[in-house]
Amino acid sequence: MNLGSEIREVAKKAANLLLKHDFARIYTHYDADGIAGGAIVAKALLRAGKSFQISFLKGLNDFELEGDELLIFVDMGSGYSEKISSIDSNVIILDHHKPDGEIKPKKTLVHLNPHLFGVDGTYELSASGAAYFFARELGNNRDLASIAILGAIGDKQKFLGLNGEILMDGVNSGCLEVRRGISLPSGKLSRSLAMSIEPYLDFYGKEDELREFLKRAGLEDKEFDELSASELQRLADAIALRLLKLGAYEGVFEQVIGKIVLVKNLPVRNSSYLVDIINSCGRLGATSTAFSILLGDEKALREGIEIEERFKREILEELAKRRNDIREGFCIRYLVMDDAPSTSSIATVFSRYLMPDKPLVVLNVKKDGNVKVSARTTEKIARKLDLAEVMRMSAKKVGGVGGGHRVAAGANIRKENLEEFLKEVDRLCCAMLA
Ligand code: C5P
């Protein structure tokens, strides 16, 4: 049996379970992968004549679930074995987070998670990919491949293995196109470069430097999406040099320059821009706007574009402001912030583009004393170190919760335990890296 075939079997079981119900309650994560996965499940259910309600959550801690007959968890659930075991409903989990233990279901459970079938859930299948396999078993849903790839891009996955299969489905069904290009948001070139967070090029608020950069590359300030092949080549060379100077992680080069994916059945063709819009909406609490965009709503798209602009400005300003506040541990770096807009993007940018040689832990102390933690490292370091385990164990030690993926994980703890938590994170990182 090849690796993907077990997943297809489980996807079929999930589809069969769904078909026994008229209604499902969907709980999904508020990031790009969760929103894309939720949109895939919603579209597939609508097409199958089923009704649903969807909620976008930050996690399942302290969350009261509704007692419906069928609950579908997308991009969450695998890391909450105790909570899922306590549910008195049929359950479908479409997730790619590292499972935290055995689930003992009260009723029927179908658990579709690549980690359970020897498939790499960090790079080769996201939650929206898992949702796509479910949708494919439910009906003629190959056009939803275009939404599935957005989750993979949002989670910085690779188009290998099952993700590669989804991409091919999309190309063959005419909803995706793969081209050579650069992963940058749409807009005038100066705007695309200054407002880009993934890749982070450090041009925000540096207009003179940016003008000089364009001049040296022999580029006019045209629409990025309309650049010719030779202009794209010159831009790629200049960006590669800029990334080298910043000290970016070597793995980002192939993600930024090379193949790009065009989406042909949604209102935004540039997939990395669309992911930025969805992600920004999720981070600023506009999940239903993001969801409507993926369902093809043009009005929601106009709102989404404004939200993307607002969110990115906040993050870019925060990045400039916080750069000197990063502290050194033994084997980690850390940054403690008060009531900041987001920890995820800040942790990702610093750890991938500016200081990739150590794991970075970003802590956001909220007014109510809760602390949101985002930990990030590079694929290279994550070969030895598992941040999901580090977050899970360190949070548990101080009465909090944590988990996620080897390269990108998070935790929720209390302010009074912050020092002890950081000490434990540093100790575990040193132990794993030794
Ligand atoms: O919030 P952030 O983007 O930093 O989360 C990184 C990853 O860690 C996500 O996949 C998230 O679901 C996971 N996480 C978790 N448990 C937590 C916090 C985050 O599994 N308590």
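Let's start with R242: at 15% relative accessibility, R242 counts as buried. Buried means under 20% relative accessible area, exposed means over 50%, and partly exposed lies in between, with a 1.4 Å probe and protein chains only. R242 sits in helix α9, residues 229-246. Helices here are DSSP runs of H or I with at least four residues, strands are runs of E with at least two, and both are numbered from the N terminus.

A word on the source. This is a predicted model, where local features need pLDDT of at least 70 and side-chain atom pairs count only at pLDDT 80 or more, while totals for chains, interfaces and linings use all residues. Residues are numbered from 1 along each chain as its sequence is written, and side-chain values use heavy atoms, with hydrogens and water left out.

Back to R242. What does R242 touch, leaving out residues up to four places away in sequence? The list is L201, D202, F203, E209 and F213. Contact means heavy atoms within 4.5 Å.

First, F203. R242 lies over the face of F203, at 3.8 Å from the ring centre. For that label, NZ of Lys or CZ of Arg must be within 6 Å of the ring centre and within 35 degrees of the ring normal. Another such case is K158, over the face of Y123, at 5.0 Å from the ring centre.

Second, D202. The R242 side chain reaches the backbone oxygen of D202 at 2.9 Å. D202 is in the loop between α7 and α8. D202 is buried, with a relative accessible area of 9%. D202 is not a glycine, although its phi is positive, at about 60°.

The α7 to α8 loop has another item. Its ends are α7 (189-195) and α8 (207-216), and P199 is placed in this loop. The peptide bond from E198 to P199 is cis, with omega near 5°.

K156 also has a positive phi, about 55°, and is not a glycine. Where is K156? K156 lies in the loop between α5 and α6 (161-172). At 22% relative accessibility, K156 counts as partly exposed.

Helix α5 covers residues 145-154 and includes I153. I153 is partly exposed, at 24% relative accessibility. Setting aside residues up to four places away in sequence, I153 touches F159, S271 and V275. P114 is 39 residues from I153 in sequence, and their C-alpha atoms are 17 Å apart.

Now the rings. How many aromatic pairs does the structure hold? Four. Rings of Phe, Tyr and Trp (its six-membered ring) pair if their centres lie within 6.5 Å; planes under 30 degrees apart count as stacked, over 60 as edge-to-face, and the rest as tilted. Y27 and F73 are stacked, because their ring centres are 5.5 Å apart and their planes are at 20°. Y27 lies in strand β1 (residues 23-29) and F73 in strand β3 (residues 70-74), so this pair ties together parts that are 46 residues apart in sequence. Are these two buried or exposed? Y27 is buried, with a relative accessible area of 1%. F73 is buried too, at 0% relative accessibility.

Then there is Y132 with F133. Their ring centres are 5.9 Å apart and their planes are at 70°, so the pair is edge-to-face. Y132 counts as buried at 0% relative accessibility, and F133 counts as buried at 1%.

Two packed helices are described by the angle between their axes and the distance between the axes. Helix α2 (residues 32-47) and helix α4 (residues 127-138) have axes that come within 8 Å and cross at roughly 10°. Axes are lines fitted to C-alpha atoms, for helices over the stretch in contact, and angles run from 0 to 180 degrees between N-to-C directions. α2 and α4 are therefore roughly parallel to each other. Angles under 35 degrees count as roughly parallel, over 145 as roughly antiparallel, 65 to 115 as roughly perpendicular, and the rest as oblique. Which residues meet? On α2, D33, A36, G37, I40, V41, A44 and L45; on α4, A127, S128, A131, Y132, F134, A135 and L138.

Last stop, K367. K367 is in the loop between β10 (360-365) and β11 (370-376). K367 is exposed, with a relative accessible area of 77%. The K367 side chain makes a polar contact with the side chain of D339, at 3.2 Å. A polar contact is a pair of N or O atoms within 3.5 Å; within protein, one must be able to donate a hydrogen and the other to accept it, and residues adjacent in sequence count only if both atoms are side-chain atoms. D338 is 29 residues from K367 along the chain, with 7.8 Å between their C-alpha atoms.
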